[in-house]
Amino acid sequence: RLHQGDEKSLFGTPPAGALAGAMLSRGTKTRDRQAFDDEIDKLRAKIAFGGGSTNTSAGGETVRANLAPALRLAVEALRTPAFPAAEFDKLKRERVTALEASRTEPTAIAQRALGRHDNPFPKGDVRYSATLDEDLAGIARVSLADVAGFHGRFAGASHGEVAIVGDFDPAEVRPLIEVLFGSWKAEAPYARVPNPYRPTTRAEMRFETPDKPNAIVIGTLNAQVRDLDPDYPALAVAERILGGGPDARIPTRLREKEGLSYSVGTYLQPGQIDDLGSLGVYAIFPPQALAKVRTALDEELARALDAGFTSDEVAAAKRALLEERRTNRAQDGALVAALVGQAYLGRTFAESAKLDAAIEAVDVAAANAALRKYLQRDRIAWAFAGDFAKP
């Protein structure tokens with residue numbers, strides 16, 4: 001994963017960064033797209049690329065014998081993309097088609113509305129949340145020269161991380177990494193784009209999506225919490241009890257007991273460097289069940305805040321969280337993502353072990369106090385999208 005740019009120099013670039021990342025797999029200066037795909041198959045590998053205004057990434061998997069050539073192939077795409085015009089035009093059409101398809105989709109509408117709610121940044125800032133029409137206009141406006149220019153200016157290994165997990169010899173791979181990335185410097189200097197906490201303003205946004213069989217509700221609020229903050233372990237336990245697992249309170253009531261929702265739960269995303277975290281709840285349901293869903297969600301949130309959780313619930317949530325964390329650390333994909341994140345943050349698995357211990361130490365009082373501190377019902381921003389007009 002490579003990090004790029006700074007707040008001022010990135011003004012006006014969207015969607016060039018995202019399109020540049022998507023173009024990396026569509027041909028290099030020495031191989032067209034078909035030849036590139038054929039080489040991936042030959043190496044028994046999977047390689048995927050991504051990117052945006054502040055990062056470019058590549059990831060994949062292969063067998064031990066082909067690790068070195070797979071790395072070289074990935075770096076070939078990263079460092080020498082061809083940006084073929086025909087592929088660029090095709091990519092733009094694909095993006096437009098996907099965006100237009102989202103115009104009437106309840107989930108996409110609700111998520112975009114909440115992303116724009118309380119967003120204080122101006123157009124052109126990478127933190128700005130665009131409207132659908134603004135995204136479409138941006139794609140129509142951006143040129144192949146813009147995309148190639150963005151990659152040429154911002155992409156580089158001046159600031160980035162590489163993590164490899166599996167059966168390989170580090171003594172052989174480390175020098176190769178130095179050769180592949182060591183001389184690749186970005187033209188523009190790197191500076192992290194900050195995104196600090198800002199409180200959520202209460203809102204209820206309702207969107208009609210005629211003839212759609214499913215509706216969605218999402219309620220979210222910003223939480224001023226980082227993953228290494230003392231409050232976070234207790235908040236994670238509380239969120240797990242409330243809706244973070246299949247046997248949590250909200251899913252049990254809405255799905256199992258009342259049959260109101262197909263998919264329902266809560267989510268918690270802490271900050272890492274900045275203190276901007278998020279806490280929320282969601283449910284997908286038949287549009288005619290809107291009133292019952294709203295009542296059930298309101299009642300479960302109020303019950304959790306007023307009556308709190310039991311010792312049995314806290315114990316079960318801790319077991320589930322710790323088991324989930326242990327399972328993730330045994331999965332190659334999750335492990336490599338953790339290593340990349342740790343390298344960026346300057347951490348090791350020592351912090352992960354401390355978090356495990358802190359979760360284990362959470363008691364009922366701490367879980368209840370954390371939920372009451374961060375779940376402020378009068379500040380939740382709600383978005384409802386569905387065919388509510390149909391009886």
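In this predicted model, A48 stands opposite G59 in β3, with strands (E, at least two residues) and helices (H or I, at least four) taken as DSSP runs numbered from the N terminus. Because the model is predicted, local features need pLDDT of at least 70 and side-chain atom pairs count only at pLDDT 80 or more, while totals for chains, interfaces and linings use all residues. Residues are numbered from 1 along each chain as its sequence is written, and side-chain values use heavy atoms, leaving out hydrogens and water.

**Sheet**
- β2 and β3 (residues 55-61) pair in the antiparallel sense over six bridges, where pairing requires at least two DSSP bridges between two strands.
- The open sheet has three strands in the order β1-β3-β2 with antiparallel pairing, and its edge strands, β1 (2-3) and β2 (46-51), each pair on one side only.
- Helix α3 (residues 67-79) packs on this sheet, touching β2 and β3, and its direction makes about 30° with that of β2.

**Enclosed helix**
- Seven of the eight residues of helix α1 (residues 16-23) are buried, so α1 is largely enclosed by the rest of the structure; buried means under 20% relative accessible area with a 1.4 Å probe, protein chains only.
- The cover over these buried residues includes β2, α4 (85-102) and α7 (144-154).

**Helix pair**
- Helices α9 (residues 232-242) and α12 (residues 311-329) pack at about 105°, with axes 9 Å apart, the axes being lines fitted to C-alpha atoms over the stretch in contact and the angles running from 0 to 180 degrees between N-to-C directions.
- That makes α9 roughly perpendicular to α12, a class spanning 65 to 115 degrees.
- Among the residues that meet, α9 contributes R240 and α12 contributes E324, contact meaning heavy atoms within 4.5 Å.

How values were computed. Parallel < 35°, antiparallel > 145°, perpendicular 65-115°, else oblique. Buried < 20%, exposed > 50% of the residue type's maximum accessible area, 1.4 Å probe, protein only.
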